[in-house]
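Work through the exercises below with the sequence and the model side by side. Try each task before reading its solution.

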Amino acid sequence: MESSALLFNQLKAADPFFLLAGPNVIESEEHIFRMAKHIKTIAAKVGLPLVFKSSFDKANRTSSKSFRGPGMVEGLKMLEKVKLAYDIPIVTDVHETIQCEAVGRVADIIQIPAFLCRQTDLLVAAAKTGKIVNIKKGQFCAASVMVNSAEKIRLAGNPNVMVCERGTMFGYNDLIVDPRNFEWMREANSPVVADVTHALQQPAGKKLDGGGVASGGLRELIPCIARTAVAVGVDGIFMEVHDDPLNAPVDGPTQWPLRNLEELLEELVAIATCLIHGIYNMADVSDSCEVDPIIKILACGC
């Protein structure tokens, strides 16, 4: 619990925000090693604390025929190797109470998937590991629900809990991001994270050749949602990143290209820095932030 509290406090104090990033799912040991190396280098360059993310099992895939990952045992072995090799904390998700103890021996942050954000037994099991718990807000939930979910973690004896916005259902095959949720979720008295990639999913909105459906997405709008989130003042950004999104086996349409990661993070840091330091006029922004004029307007309300 002591090491978790230390990391939790470091993330809360991040200036201007912390980053949870990595490929959606573990495809191979070679791939996550390569991704971790590049993402760590980029995060260090732009000055953001990084927690590396990847899943060992995508248990809620749209189709039973879809790729799920290597499974918990092999997946945790790979994540532990990455953690030791690159000296970076790890976040990964759980779907069942029986997974929490094993995952807690490797992961620094245990993530609760959005569909499971109200599952008391799962929340309590994750809390009892003593690790930080990141709860994703269900697509079907109001922001106020996260107050109760976060409280379940604390009542189980773990004060280290974060809440994460990942979009709200808008009809059957679309999500929207309501920026008010970034503020309302602060009522949970926890750091607020914005998942700027899953928020742009179009659930079961992509028809497959030969029948069936998969989740589509609007990758091109990831910068838009990310800019909005940092302008509002979230504590952390969650972002799935891939070196070849078009050929990713899972959620390719909503993974951000690795080659564009540094540029986007630089822009987000510039926006957040302008706001944090209270720069509210174009002249000051011009002197202090080397960013595109449109971003200056967004960041400073000019």
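Predicted model: local features only at pLDDT ≥ 70, side-chain atom pairs only at ≥ 80, totals over all residues.

Residues are numbered from 1 along each chain as its sequence is written, and side-chain values use heavy atoms, with hydrogens and water left out.

**Exercise 1. Describe the protein chain as a whole.**

Step 1. The protein chain has 11 helices and 13 strands; helices (H or I, at least four residues) and strands (E, at least two) are DSSP runs, numbered from the N terminus.

Step 2. Of the 302 residues, 54% are buried. Buried means under 20% relative accessible area, exposed over 50%, and partly exposed in between (1.4 Å probe, protein chains only).

Step 3. Take the contacts (heavy atoms within 4.5 Å) between residues at least 6 apart in sequence: 68% of them join residues at least 24 apart.

**Exercise 2. Find which residues of helix 8 are buried, and where they lie around the axis**.

Step 1. Helix 8 spans residues 222-232, and its buried residues are Ile-222, Pro-223, Ile-225, Ala-226, Ala-229 and Val-230.

Step 2. These residues sit on the same side of helix 8 because they cover an arc of only 165° around the axis. The arc is that of the directions from the helix axis to the C-beta atoms.

Step 3. After helix 8 comes Gly-233, with a positive phi near 110°.

**Exercise 3. Characterise the salt bridge between Asp-195 and Lys-136**.

Step 1. A salt bridge is a side-chain nitrogen of Lys or Arg within 4 Å of a carboxyl oxygen of Asp or Glu. By this rule there are 14 salt bridges.

Step 2. In the pair of Asp-195 and Lys-136, the closest N and O atoms are 2.6 Å apart.

**Exercise 4. Describe the salt bridge between Lys-81 and Glu-29**.

Step 1. The closest N and O atoms of Lys-81 and Glu-29 are 3.2 Å apart.

Step 2. Lys-81 is in helix 3 (residues 72-86) and Glu-29 in helix 2 (residues 29-46), 52 residues apart.

Step 3. Lys-81 is partly exposed, at 41% relative accessibility, and Glu-29 is partly exposed at 32%.
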